[in-house]
Amino acid sequence: MNLARVRGTVVASVHSDKVAGARWLLVEDCDSSGAGKGEYLVALDMVGADRGQLVLLTQGSSCRWTARTDDRPMDTLVVAIVDAIDQGGTMSYGGAG
Amino acid sequence: MKGTVVATHKSASMEGLKLLLLERIDAVSLKGKGEYVVGIDSVGANVGEIVFYVTGSSARMTDTTKGKPSDATIIAIVDAIEKDGALTYDKAGEHSAPGTGSMQ
């Protein structure tokens, strides 16, 4: 899984029937401290992520291993909102509380 | 979406599928990266439209591509892209708020 930051949303009214009602997020690929790399992806939101939050992305066929995405054309999902990252004993992201 | 690809001689399982030439773009600046992909259309995309496509085994999950040897399928035509609260792309000039909803 990759780390990414939610930057915005993408709207598409003409789409495959299999993705009707989907909420798409514009996410920026991030390094382990949460810094953006300037590379952007469109991902399906599974967790209600908001702009600015650091999230976990699942990519590839693993995206279809959820009840909502089974048998649907999805290749990038937001599956979790990151609270903190501990890198070798140092909090590289979050960690308050 | 930059154009179409025509191939008369092809696998029988590719018969009737529309092949589109896509240029990858930066989602914020919308500038082309000069990288091209051929994808199968499942939504009726036209030249100049911004689309998104799925790759890998997910490309076989639309009704159009079920059981077909596709590894890139266009699944949506983009209306608007919002970043940090501002629209970076607005196809029809009519979007003021990002879409919401949950897939059923």
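## The contact between the chains

The contact draws 31 residues from chain A and 34 residues from chain B; two residues are in contact if their C-beta atoms, placed from the backbone, lie within 7 Å. On the side of chain A that touches chain B, strands S1 (2-11), S2 (14-15) and S4 (36-45) of chain A each supply at least two residues. Helices (H or I, at least four residues) and strands (E, at least two) are DSSP runs, numbered from the N terminus. S1(A) gives the largest share of that side, five residues.

By class, the side of chain A that touches chain B has 13 nonpolar, eight polar and 10 charged residues. Ala, Val, Leu, Ile, Met, Phe, Trp, Tyr, Cys and Pro count as nonpolar, Asp, Glu, Lys and Arg as charged, and the others, Gly among them, as polar.

## Basis of the model

This is a predicted model: local features need pLDDT of at least 70, side-chain atom pairs count only at pLDDT 80 or more, and totals for chains, interfaces and linings use all residues. Residues are numbered from 1 along each chain as its sequence is written, while chains are lettered from A and ligands numbered from 1 in the order in which they are written.

S1(A) and strand S6 (residues 80-83) of chain B run antiparallel and are joined by four bridges. Two strands pair if DSSP finds at least two bridges between them. A:Gly8 has B:Lys83 in S6(B) as its bridge partner.

## Two loop residues

A:Asp71 is not a glycine, yet has a positive phi of about 65°. A:Asp71 sits in the loop between strand S5 (54-59) and strand S6 (76-81) of chain A. A:Asp71 counts as exposed because it has 9 C-beta neighbours inside 10 Å; a residue is buried if 20 or more other C-beta atoms lie within 10 Å of its own, exposed if 12 or fewer, and partly exposed in between, with C-beta atoms placed from the backbone.
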